[in-house]
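Let us read some features of a protein model, one at a time.

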Amino acid sequence: MKLINRRNALKIGGAAAALPLIGIPAFAQKEKVKAAFVLIGTPDDNGWNYGHDLGRIEMIEALGADRVETTVVTNVAYGPDSERVFRELAQQGHDIIFGASFGYGDAMLKVAKQFPDVKFEWATGYKTAPNLSTYNARFHEGRSVLGTISGMMSKTGIGAYIGSFPIPEVVMGINAFHLAARKANPDFITKVVYVDSWFDPAKEADAARALIDQGVDVITQHTDGPAALQVAEERGIIGGFGQGADMSAFAPDAHLTSIIDIWSPYYIKAVKSVLDGNWKEGTSWEGIAGGEVVIGPYNKKIPADVVAAAEAVRLGIIDGSYHPFTGPITDNKGELRVEKGDIIDDGEFWAVDWYAEGVEA
Amino acid sequence: MSIDLTIAIIITMVGASTPLLLAALGELVVEKSGVLNLGVEGMMLTGAVVGFAVTYTTGNPWLGILAAGFAGACVSMIFAFLTLSLFANQVATGLALTIFGAGFSALFGQAFTGKPIKLFKSIFPDYLTDHPILRVFFDHSPLVYFSLFMVFAVSYFLYKTRAGLVLRAVGENDHSAHSIGYSVIKVRYGAVGFGGMMAGIGGACFPLLLTPQWVEGLTGGRGWIALALVVFSAWKPTRLLAGAYLFGLIATMEVYAKAAGGGFRIIPSELWASLPYLATILVLVLISLRHKMSSSAPACLGKPFIPSN
């Protein structure tokens, strides 16, 4: 028999009073979900944030505007600002909140604890909680395709990688790019420049100029925008790649291909699970095989044998015959990091803090 | 370091310095008249988006620059009206102007994101811009020559003309200037408008000179560096030229050193990025040590002028 004291009675009474308001019993399906998206920039950056917003729009189309209502907050800075935004969104009754940047982690973990009934989703995150999942894409798989093209097409044998910050994801993107390029050209060098910002187009453009002035003829970037590609076009080097979205409008000649982020499959799955009442904590990390990372159209100027080699890598990643990090891999200080026949698996991936031989970073 | 690379670095450095130089020159004149307008970043963003929009629509960068200067001057008039006619606090109004400019440019620019334009490049013939040595003088955008011309124009105006003397008098002692019959408010309106125009053109350098696109927040906080430069230069146009090119050189050397690799890697990238700010602090300390600080800043800087008739 249950002991009913005053506190329990209040709880039960409160719950009973709340039930008619909600109109549905717990654990059952929801009529409509309120989803929020917190972005580090704006959807019109033609890159990272654009990709997330497109995923949101396609998610609404797939689930129906009568089943899901979305809020988008743009230009949210890391730190206390983001914490305030996440808290406000939770207070406004959002059922699920997506934080679409690596730097939101601390704020999300903190707010998630305070709102156990709200589901949180941290893009490119590395830590989960009972109501916080992480989702990511294997961008480095796309980098292997770009590296293959670069290794085969570069005349100077020097490629560049303009990075934002040296976080594991960026480091592994560089390694995947470089290792694939070295398969085609064993002397390939990758020069890395970090601009210390996710968004400073003028600095990205100057970084591209600096790299091209020092012999680089293929550029790839891990920042959100077409600035480096436009410099590649202006200088008439062999080319560069779109990041996050197809950017060929900015550089019709230099744009070789692009890595396109497709977030809609994940957004549909996550919001649907809230609608169905079966959302679970988890980590999602799909890549080319799962359809989250797509290689855009190839520029017509790429020779057929290069396209064939790039496609072979792409298909090899899908069927598992090609792994971006297959040993032997020596780092750029001469230490053997991965034995022959071995690979860097998903668990080891996030701990890599070295660059492969031939990377100048 | 080879000659080719040195020249390439100089050309990139000049490009990076030009928006700073233009915006800071305008602000220098504003501050010389005794007004502190912290809204440089907002006016630059306005100029950047309007410059882009007009260049994109008409295909004519000259019109884009004119429109950017006009738009910068227009938004600066909001600031002038609030602070000069209504005596609002200049610091607060300037900050509000920055926020306004950021919001306005984002809203107005929505239709123009994802659209490319062409850079406004050198108008000299190819044999000069492609020449391995001479390109250091000729391979620049017309905006660069305009900014250099403006350094000497502003310098001449301030120190060699009667109007410049009046402007400085208004900044040094507004009540004396008023008592001998000069309109302090009119002079300041003019100075603020000039500052707005220069900030607008400085902003237009981003899409026309550096990265031919429009995206929200394109200027990346360089309006604040322009403000620091005015203090750095101790309110002297020629020293401002040196300061802007020094800041540009530091920013350019950062990326070239990172791209070069090797020994340059010893300097951590965070230190590179903070060098312009450290340099400003250092110069401020040096100026203070020489007890010249009080004499170099305009005496009425930031003080509202309320006519006492």
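Q: Where is the place of A:Glu69 in chain A?
A: This is a predicted model, so read every value as computed from it. A:Glu69 sits in strand β2 of chain A, which covers residues 68–73.

Q: Is A:Glu69 buried, exposed or partly exposed?
A: Count the neighbours. A residue is buried with 20 or more other C-beta atoms within 10 Å, and exposed with 12 or fewer. A:Glu69 has 14, so it is partly exposed.

Q: Which residues does A:Glu69 touch?
A: Leave out residues up to four places away in sequence. Then A:Glu69 touches A:Lys32 and A:Lys34. A:Asp206 is another matter: 137 residues along the chain from A:Glu69, with 41 Å between their C-alpha atoms.

Q: What joins strand β1 to β2 in chain A?
A: Look for bridges. Six of them link β1(A), residues 33–38, to β2(A), and the two strands run parallel.

Q: What is the order of the strands in the open sheet of chain A?
A: The six strands of chain A lie in the order β2-β1-β3-β4-β5-β11, with parallel pairing. The edges are β2 and β11 (283–286) of chain A, as each pairs on one side only. On average, neighbouring strands of this sheet are turned by 15 degrees against each other, direction ignored.

Q: Which residues of α9(A) are buried?
A: Start with the general idea. An α-helix has 3.6 residues a turn, so residues three or four places apart point the same way. In α9(A), the buried residues are A:Ser264, A:Tyr266, A:Tyr267, A:Ala270 and A:Val271. They cover an arc of only 160 degrees around the axis, so they lie on the same side of α9(A). Just after this helix, A:Gly277 has a positive phi of about 75 degrees.

Q: How many helices and strands does chain B have?
A: Chain B has 14 helices and zero strands.

Q: What does the radius of gyration say about chain B?
A: Compare it with a compact globule. For 309 residues that would be near 19 Å; chain B has 20 Å, so the two agree. Of its 309 residues, 48% count as buried. Its C-alpha atoms fill a box of roughly 65 × 50 × 35 Å along the principal axes.

Methods:
Residues numbered from 1 in each chain as written. Chains lettered and ligands numbered in written order. Predicted model: local features only at pLDDT ≥ 70, side-chain atom pairs only at ≥ 80, totals over all residues. Helix = DSSP H or I, 4+ residues; strand = E, 2+ residues; numbered from the N terminus. Rg over C-alpha atoms; globule rule 2.2 N^0.38 Å. Arc of directions from axis to C-beta. Contact = placed C-beta atoms within 7 Å. Pairing = 2+ DSSP bridges. Axes fitted to C-alpha atoms, helices over the stretch in contact; angles between N-to-C directions.
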